[in-house]
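Please open the structure in your viewer and keep the sequence panel beside it. The stops below say what to select next and what is there.

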Amino acid sequence: MVTADWLDIGPVDQLPALGARTLPVQGGEEIAIFRTANGSVYALLNKCPHKQGPLSQGIVHDTTVTCPLHNWRISLVTGEALGDDVGCVPTIPVKIDGGRILIARKEALQGVDG
Amino acid sequence: MVASPPDPRPHLVVIGNGMAGCRAVEEILARDPGKFRITIFGAEPRVNYNRIMLSPVLAGEKTFEDIIINGADWYADSGIELISGDPVVGIDRAAKTVTAKSGMSVSYDKLLIATGSDPFIIPVPGKDLPGVVTFRDLDDVDKMLAAADLGGNAVVIGGGLLGLEAAHGLSLRGMQVTVLHLMPTLMERQLDEAAAWLLKTELERRGQTILTQADTAEIIGTDKVEGVRLKDGTEIRADIVVMAVGIRPSTALAKEAGLAVGRGIQVDDHMVTSDADVLAVGECVEHDGQVYGLVAPLWDMCRSLADGLVGSENPYKGSVTSTKLKVSGIDLFSAGDFSGGEGCEDIVLRDATRGVYKRVIVKQDKIVGAVLYGDTADGNWYFDLLKKGEDIADIRDALIFGQAFASGGGATANPIDAVAALSDDAEICGCNGVSKGQVMACIAGGAQSLDGVRSGCKASASCGSCTGLVENLLALALGDEFAGERDNKPMCKCTSFTHEDVRAAILEKNLKEIPAVMQALSWSTPDGCSSCRPALNYYLLCAWPAEHKEDPQSRFVNERMHANIQKDGTYSVVPRMWGGVTTPKELRAIADAAEKYGARMVKVTGGQRLDLFGIKKEDLPHIWADLNAAGMVSGHAYGKALRTVKTCVGSEWCRFGTQDSTGLGILLEQMTWGSWMPHKFKIAVSGCPRNCAEATIKDFGVICVDSGYELLVGGNGGIHLRGTDLLCKVATEEEALEYCGAFIQLYREEARYLDRTAPWIERVGLDHVKARVVDDHEGRKALYGRFLHAQKYLQKDPWAERAAGKEAHLHQHIAEIRPFAVVGAH
């Protein structure tokens, strides 16, 4: 279903608490959708600013994901690396409406031609 | 038309005789009792009552009379005409009239819509069966009470505020209650995971069954409700089903009348709708994009509405809400935003003995949220600080201990001076009843560290919530000599306890879930970190092999995915080859799988296995199914687990071989595969002292000699090369298996998570290991027995489970965005 600004990518119960799912973008970059312990949902590009590790496979705790490759901790809120590491991964606006996950079309399609 | 006595005053008609409508009228009368002639329409055939007190009525703690706000005399005394039991069905804004269901039509000068909200009914088959009720008004309560009189089973759909209150009432009325909640934790809008776990535990203790992540597929029954079926196939018997999944603003009337309606009826800061003569208030409105389902915002809205009507400025600015659960004996408070995030800091206090969990979320020296369980005395204080946006920098250290402590000077005082001021008999540790005098005596007696105090007088050794006080006493007694260094480091920054403390507590206190450990040991974070969660998951599975429930979100990626993640995000797959022996049939299947799933490299590993690189996560269940079909199972090359048993060909082929090293290797691997351990574990069996299988750098090695088997332990070929130590020599294969199992179990039970055997043995000493495994025959047999017992639960091929569809979501994208569509968003 395509609406003007937001794309419906599925029901929120498809996301495990403290887990993540992936959202490939044809012609663009894969997105990781995260869910925290209390049900908040966040989206980042699925690549660590360090060595492009798939953040979707990391351990989620509080509002942080720890990259599975080298344990960088990335804020789900800002995409910034935490602690002594420096780097930032783009965030994509995401919201829940009526139990569905909606992702911002413009940011999700960044880098897609046309 | 009703013949009205001539009355020159403008006519105010109120649709809705509930809390919002009547409160608004009260506010108007308080400002100018004579301004309007007032008529109130109510759908329910009764006077105005306090809807939020329906829960105590259901629970039998109050009667309907107790919860009436305004009786019949109030309407009469105030000159209000109440038309109850006759709902308004239409509004004609052009003619300025409303029409009720009975056909009665009344004209208005000002109209106030206070229709509240409607319960949300989930659209499943069977939702209209008799016996399916909502929880909104007194009629619903009467239906529930009638059902409870007959006894039997009740199912409540919805584990939010309303659902839990309904469940509590029905449970007190003698029904066997099951709560179905779609989300992983109860009241997820108000509670974090830790508090929700405490709540769930308490409700279960009271006899309710709580099913989370329970997705209702159907309500079953022919003439009336007989049960509920979940999407996973579970069926639960039910004589009554209460739908309490949520509410929606009741906007149908307003929408038909052409008023601006979003999620609710849109109003300005004085509750005026898009029509200047029509106002709206309460749960049916949307103000500044917000709708409210709680009572507190009503009071502010009604004040602004009344001020607006009498012409004085008092704009409504929205409300910050707080929640309390009305279940007797459960103290629970939640306010503001507790989702955390950038710049937010958590202050957590847990007291396991009293069942208390308090969390205050602070951002830029201001409270932005609070979750309290077990002790809510300070809820209103926190809420007040939150609403006023007060700067709490000065009282930050004392904040979590509450208002009495923070404003009693506890906050500003130097913490060392504060403990110095305590009397000698002041209690420091509530769990173990240790006074300040006893702690000071213990320190004077030589305890120079936290661990020393804990082992000496037990202060802070149980739940740990007094750790800070004990450390301040150490600083007081030792001055600069106390640097806070610990001989044994805490597990991680979430706790003051060491790995050993935590493991002992898990057994002693019978802790079986991660949130239980965090609560019992006063974790300082709400849900741990990526360091402690996997460790706790391991300690729990080791302590309770039969009962342990896996938490995939507390596993590192490789163990969650049962494959090794590579730097490009693809995975490598290693099928098990017992003892490093394979067959042409297996090799064909591996070759076919490598081609079919596009493995970009096939590599022989250091442990004598074949590794297929470049497999996509979506393909994992399929390649596993293919390998399973050829008789192969997971090689656990990804786990903190038994990896491989490397062998040489031994006496069957080799002219130097002394024993059947290959055969023994296969037996060892068949006994040990699947076992989760503190870290990876490698075994090798060499058929003679030439040691072609490199057994002397393995965690457990066997070197066959003419007279039997030399058993070696603690080797490592990694960064720090360490040769094995000789454990002992045995005569038979049976003994080799028993000693191996016992050694592994000792390592499983005593090593810290992420300790290989080499550093563990260096720390505890080889003599300790020999004493337990070699010298103590009974002890060895007990260790071996516990190992085999655990293996009964662990030797299930995880690949076969995944190939059959378990945890399928881990291997599938949630959806895919293509240029003109989103694909696969179910």
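**First stop: a sheet with a helix on it**

Select strand S36 (residues 700-705) and strand S37 (residues 708-713) of chain B, which run antiparallel and are joined by six bridges; helices (H or I, at least four residues) and strands (E, at least two) are DSSP runs, numbered from the N terminus, and two strands pair if DSSP finds at least two bridges between them. Within this pair, Ile703(B) has Glu710(B) in S37(B) as its bridge partner. Helix H23 (residues 733-750) of chain B packs on the sheet, where it touches strand S35 (681-686), S36, S37 and S38 of chain B, and its direction makes about 145° with that of S38(B). Axes here are lines fitted to C-alpha atoms, for helices over the stretch in contact, and angles run from 0 to 180 degrees between N-to-C directions, while two residues are in contact if their C-beta atoms, placed from the backbone, lie within 7 Å.

Before going on, note that this is a predicted model, in which local features need pLDDT of at least 70 and side-chain atom pairs count only at pLDDT 80 or more, whereas totals for chains, interfaces and linings use all residues. Residues are numbered from 1 along each chain as its sequence is written, and chains are lettered from A and ligands numbered from 1 in the order in which they are written.

Now widen the selection to the whole sheet, which is open and has five strands in the order S34-S35-S36-S37-S38 (chain B), with mixed pairing. Its edge strands are strand S34 (642-647) and strand S38 (725-730) of chain B, each of which pairs on one side only. On average, neighbouring strands of this sheet are turned by 15° against each other, direction ignored.

**Second stop: Thr672 of chain B**

Select Thr672(B), which has its place in helix H22 (residues 661-672) of chain B. Is Thr672(B) buried or exposed? Thr672(B) counts as buried because it has 24 C-beta neighbours inside 10 Å; a residue is buried if 20 or more other C-beta atoms lie within 10 Å of its own, exposed if 12 or fewer, and partly exposed in between, with C-beta atoms placed from the backbone. Leaving aside residues up to four places away in sequence, Thr672(B) touches Leu642(B), Ile683(B) and Ile744(B).

Move to helix H13 (residues 436-444) of chain B, whose buried residues are Lys436(B), Gln438(B), Val439(B), Cys442(B) and Ile443(B). Seen down the axis of H13(B), these buried residues fall within an arc of 165°, so they line one face of the helix; the arc is that of the directions from the helix axis to the C-beta atoms. Among the elements that cover them are strand S28 (427-429), strand S29 (434-435), helix H14 (450-457) and helix H15 (467-478) of chain B. After H13(B) comes Gly446(B), which has a positive phi, near 120°.

Next, select the open antiparallel sheet whose three strands lie in the order S15-S16-S17 (chain B). Strand S15 (216-220) and strand S17 (235-237) of chain B stand at the edges with a single partner strand each, so one side of each is left without a neighbour in the sheet. Four bridges pair S15(B) with strand S16 (residues 227-230) of chain B in the antiparallel sense, and Ile219(B) stands opposite Val228(B) in S16(B).

**Last stop: where the chains meet**

Finally, show both chains, with 37 residues of chain B in contact with 44 residues of chain A. On the side of chain B that touches chain A, S39(B) gives the most, with three residues, and the residues of that side divide into 16 nonpolar, 11 polar and 10 charged. Here Ala, Val, Leu, Ile, Met, Phe, Trp, Tyr, Cys and Pro count as nonpolar, Asp, Glu, Lys and Arg as charged, and the others, Gly among them, as polar.

Viewed whole, chain B has 27 helices and 40 strands, and its C-alpha trace spans about 120 × 70 × 55 Å along its principal axes. Chain A has one helix and nine strands, and 51% of its 114 residues count as buried.
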